[in-house]
Amino acid sequence: MSSHRFALGAFCLSAFLLTSPRGFGQALTNASFESGMAGWETFGEGWRTSGSASETDSDAHSGTLGIVNDVKENDKDEWRGVTQAVEAKRGMLYSASAWIRTLNAKNAECFLEFQFVDKDGKIISFQQSEPVTEDQPFTQLHIGPVEPPKLTRTLLLRGIVHVTKQADADTDFFIFDDFELSVTNKSSKSKSDGKTISRADRIRQSQRSRETGL
Ligand SMILES: [Ca+2]
């Protein structure tokens, strides 16, 4: 989605929920990883929390910790993820973001994903952000807004790292911090932005990794 459209949407939502002291955000647990991995589940190898090497080389966007995925030579896992589950329902629009820094990102990419899950734990559908494929300083990546499909009970907010080729000797670093989840009434926004749907091949591969993603 374009930043312009997001900025416009954020303005409307802020006006809509002006009475909330936390704005329109829905509370995530330990969204900034200051309590380590608490509230989050991971799958795949290479996850750790990490602090600041220096002011200019920090794995924390805010506070003292972020979560890092290392992609190393001889690693086995093509798919890695950090996940938090929240309640979700029809009639609401869900958006999320995370601050992502990448370093030496040559052998993998990362993106955000929503998975919509029914009461039996079955995945009904999912949506992905655009991928980050090159090195960048901490930059906010967005997904949504999207309305959950029928029968949704749970939304899984996921940061995904996808290893796209055999890693070389130089470790790739994918660093996430400060996740945010925003929820608003569908009626307060004219339509959902569908541009976060990404390449079909990546979606198919993600589908194959679903069992490990829960
Ligand atoms: Ca942090």
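# Notebook: loops, sheet and core

I started at Leu151, which I found in the loop between strand 11 and strand 12 (154-163). Strands (E, at least two residues) and helices (H or I, at least four) are DSSP runs, numbered from the N terminus. Residue numbers start from 1 along each chain as its sequence is written. The model is predicted, so I noted the limits: local features need pLDDT of at least 70, side-chain atom pairs count only at pLDDT 80 or more, and totals for chains, interfaces and linings use all residues.

Leu151 is not a glycine, yet its phi is positive, about 75°. The cut-offs are 20 or more other C-beta atoms within 10 Å for buried, 12 or fewer for exposed, and in between for partly exposed, with C-beta atoms placed from the backbone.

Asn104 also has a positive phi, about 60°, and is not a glycine. I located Asn104 in the loop between strand 8 (92-103) and strand 9 (108-117). Asn104 counts 14 other C-beta atoms within 10 Å, so Asn104 is partly exposed.

I then checked the peptide bond between Gly144 and Pro145. It is cis, with omega about 5°. Pro145 belongs to strand 11 (residues 136-146).

**Overall counts and confidence**

I listed three helices and 13 strands in the protein. The protein has 214 residues, and 34% of them count as buried. Contacts (C-beta atoms, placed from the backbone, within 7 Å) were next. Among those between residues at least 6 apart in sequence, 79% join residues at least 24 apart.

Mean pLDDT (the predictor's confidence in each residue, from 0 to 100) is 83, and 75% of the residues reach 70 or more. Where does pLDDT stay under 50? Residues 1-23 are one such stretch, and the model gives them 22 contacts beyond four places in sequence. Residues 191-198 also fall below 50, with 21 contacts beyond near neighbours in sequence. Where pLDDT is low, predicted coordinates should not be read in detail.

I traced five strands in an open sheet, order 2-7-12-9-10, with antiparallel pairing. Strand 2 (41-43) and strand 10 (123-128) stand at the edges; each has a single partner strand, so one side of each lacks a neighbour in the sheet. The twist averages 25° from one strand to the next. That angle uses axes that are lines fitted to C-alpha atoms (for helices, over the stretch in contact), and runs from 0 to 180 degrees between N-to-C directions.

Next came the pairings; two strands pair if DSSP finds at least two bridges between them. Strands 2 and 7 run antiparallel and are joined by three bridges. Phe43 has Gly81 in strand 7 as its bridge partner. Strand 7 (residues 79-87) pairs with strand 12 in the antiparallel sense over nine bridges. There, Ala85 stands opposite Leu156 in strand 12. Strand 9 pairs with strand 12 over ten bridges, again antiparallel. Glu113 has Arg158 in strand 12 as its bridge partner.

Why is strand 12 described as largely enclosed by the rest of the structure? Nine of its ten residues are buried, so strand 12 is largely enclosed.

**Strand 6 and its partners**

Five of the six residues of strand 6 are buried, so strand 6 too is largely enclosed by the rest of the structure. Strand 3 (residues 47-50) pairs with strand 6 in the antiparallel sense over four bridges. Arg48 has Val68 in strand 6 as its bridge partner. Strand 6 also pairs antiparallel with strand 13, over five bridges. Asp70 has Phe173 in strand 13 as its bridge partner.

Leu181 is buried, because 23 other C-beta atoms lie within 10 Å. The C-alpha atoms of Leu181 and Ser95 are 5.8 Å apart, though the two residues are 86 apart along the chain.

**The core**

A nonpolar core is a set of buried Ala, Val, Leu, Ile, Met, Phe, Trp, Tyr and Cys residues joined through C-beta atoms within 7 Å. The largest one has 39 residues; those with the most contacts inside it include Tyr94, Cys110, Phe114 and Leu157. Strand 6 (66-71), strand 8, strand 9, strand 11, strand 12 and strand 13 each give two or more residues to this core. Strand 9 supplies the largest share, seven residues.

I finished on Phe114. Leaving out residues up to four places away in sequence, Phe114 touches Tyr94, Phe126, Gln127, Ile143, Gly144, Val146, Leu155 and Leu157.

Notes:
Contact = placed C-beta atoms within 7 Å.
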